[in-house]
Every structure is written in structure tokens, then in C-alpha cells.
Amino acid sequence: MHELVGALRTYAWGSRTALAQLCGRDVPSPHPEAELWFGAHPADPAKIRADGDVRSLLELLDDDPQRELGAVATVFDGRLPFLLKILAAEEPLSLQAHPSADQARTGFARENHTRVPLDSPMRNYRDDSHKPELVVALDRFEALAGFRDPLRTVELLLALNVPELKQYAELLAAQPDSGGLRTLFTTWITLPQAILSTLLPKVLDGCVRYLEQGDTPETSGHDKEFAAEARTTLELAEAYPGDAGVLAALLLNRLTLEPGQGLYLDAGSLHAYLRGIGVEIMANSDNVLRGGLTPKHVDVPELLRVLDFEPLRLPIVEAESDGAGSFRYHTPAPEFALRRIELAAGAEPVEIPRAGPGIMLVTAGMVRLTHVSETLTIRAGNAAWISATDTDIHAHAVDGPAQLFCAGVGE
């Protein structure tokens, strides 16, 4: 059982306040802070702090995978199969999807064969793993995720009352299935710039009219059926003017997670996180195929190759209570499992089932972990590494209530 210090990632879409406040640092931070990585990904492994020494979690696992990972070392080739993060988005992330396991292996081998450097910004596949992921909201969290029911999208396009959208609405209405979604998405994401430069401003004008029509100072568009979609379209266009991804986003489910709710995304699910702070867990991969809404590398043909165009109902994961303030998030991913524990002030210590190998991340308050005669106190924004040999772990809140996320390997 060791203290684990996350690796801070600074991206332009990050927040200058969210992670700093959670970790108890000065606000605002010098740079936008986007993610804290708690894991053993080679790109940025977390650090183990023990006996005055600081070393990489990756090094610890490489030195003795059987002791640290137990049977997991055999199943996952000596690697920790998941990556745990705290994500803080102040601005929208890119429109993206992740490959399946077969697609990742093929793509990684192909780019290795063509000698694309692993650290090249033009690289799509940085490893040979798929990347299912689950994000759990710590505060209100907003996202676009999965293709909306085509007939609902037809209703949205007609509601905007933009004559130039009529042909596209009719196209989708004539084929309201994955094939129609593929055709429309492909058409929009590959529009020649001259056509996009004419169509997109008209769509934005339609969004403004839709929000303003029949408004009063009291309602301000909140009572309209597609108000959130229209506002999001305008926000994306302001952040990424002239980007075809703004049009493509009209095809996706627009959803809001309340604190404690999760969003699970499997291979091929098109998505874009919009804003908010959450705990994210995923297979230990950095493979991302982007289609827009980003200054980073965009590869539309490769994105089209991996996308799943089946309409997706809102993929919200509700936590299942298993007593004593403990909540589990069920997903089909074998690489990870996630549990949230709400620790009441002054309550008896809570036993953590199947604690290791895993990571315990404190997201509010302060938590004391005990293992036999060993104790470790963790503050918000920090974590603990629990090896496979560390069993019989108990946790309790220190000086007030606390929140703890326990990440482990899936069953």
C-alpha cells in the first residue's frame, strides 16, 4: 500500500480552477489543467511515494509484476490493464471514437510498418489496445455521446427551420437507420469547405431563431424541446468556427450527468465531452480517432472505419448500491471495475472488497486507509496503490465526510 501521485496533463480545453480546487491548490492555476493520470501508461505514469523515495508506478510493476499484480500479471502480460483519471473540461473535447481490440492491433501494426514515430502528432494508434471507458460525474457533466434515434434527429433538423437542412432531413427520414446515419454523417464530415462555409452559418442562424422564438425574459429558451442541442451547436461553432464537426454533432445524443451518474462508451461510439469534472476509467490505451472540434490530428477516413452507426439510447450508467455507502458501476469491460464509496464523518471503518491490485482515489475530504498495522492518509486529489498482496483494507473519513473511488480489474 503506497501513496500514488497523479501525473498532471495540461491541455487547452482544461480548467484553471476545477483540479486546483479539488487538490487544495491555489486558484487559478498557471495553465489549463485537463487531466490527472493515475496509472502505469508509458506516456505518463503516476509516481509512487514511499519511505522518502519517489518512483514510477510503471517501474514498480515491471520490477515485480507477480507480487504487485498477482494473477492479473498472467492475464494481461504483466501490465496494469486500466488507466484511472480525473478529467476537468472547461471547453469541449474533440469529436472522437476509439477502436475495437482487432482494429487497434491492425492499426498499430500498420503504423509501425509505415514507421510513423510513436510520438508523432500524426499517429492514430499509440498502442495495440482497445479503449472502452467510463466517466462518473463529480459535478454536473455535459457530453455528446452516441448517435441519436434518426427520427428524433429528423425532428430536430426540421425544428430549426433552415431550408438548406430540408434535403438532409429528408435523406435521413427515408432511411432512419444506421445506414442513413452513416450516409448523412459521411456527407457532412466531408463537405467541401465552400459548401460548409455557406451551410453552417445558416444552421447557426436557425439555432438562434429557434432559441429566440417566443422567448420571454423568464423562459429564455429553456422550455424548448431542442434548446440544449441548439445552444450546444452555437457553443461549438464559437469554439471551432467553420468546423464540419459542428454539423456532425447535431446527430449525437446530448446528455447531462448529475453527480454520481456514469457514462459508458464502448468501441466505435462517437462522442465529445463538453464540460465538467469527473472520474474516468478506461482500458490502458491512448488510441483516439478524431473527426473534428480540435486543433489536433484529424483522420476522417480512419474514424469512419471504426465508427458504430447504430443508434444508441442514452448510455447512462446508474450506480448500484451494495450497502454502507458503497456504489458499483457495472460495465462489460474486463479491464476495469469501479466502485464509489461515500464515507460519513465519524462512521466505522469500511472494508474494501477485492481491493488489490487497484487504485484508491480520494475525490473529497481525507481518507485513512489501514492494512494490518499499516496506515496511509490520503487527501483529495491523491490516491493509493494497492498491490495484489494487500488484502483486508479498511477506509474511514478523517475530519469530516469523504468520497473514495476504488478502481480494480473487471471480473
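Me: Buried means under 20% relative accessible area, exposed over 50%, and partly exposed in between, with a 1.4 Å probe and protein chains only as cover. So what is lysine 85, buried or exposed?

Reply: Lysine 85 counts as buried, at 4% relative accessibility. Keep in mind that this is a predicted model, where local features need pLDDT of at least 70, side-chain atom pairs count only at pLDDT 80 or more, and totals for chains, interfaces and linings use all residues. Residues are numbered from 1 along each chain as its sequence is written, and side-chain values use heavy atoms, leaving out hydrogens and water.

Me: Ok, what does lysine 85 form a salt bridge with?

Reply: Glutamate 35, with the closest N and O atoms 3.5 Å apart. Lysine 85 sits in strand β6 (residues 82-89) and glutamate 35 in strand β3 (residues 35-38), so the pair ties together parts 50 residues apart in sequence. Glutamate 35 is buried too, at 5%. A salt bridge here is a side-chain nitrogen of Lys or Arg within 4 Å of a carboxyl oxygen of Asp or Glu, and strands are DSSP runs (E, at least two residues) numbered from the N terminus.

Me: How many salt bridges does the structure hold?

Reply: 21. One of them joins arginine 55 to aspartate 63, at 2.3 Å between the closest N and O atoms. Arginine 55 is partly exposed at 25%, while aspartate 63 is exposed at 55%.

Me: New topic: how does strand β9 run relative to β10?

Reply: They're antiparallel, joined by 5 bridges; two strands pair if DSSP finds at least two bridges between them. Glutamate 142 stands opposite threonine 256 in β10.

Definitions and conventions. Helices (H or I, at least four residues) and strands (E, at least two) are DSSP runs, numbered from the N terminus.
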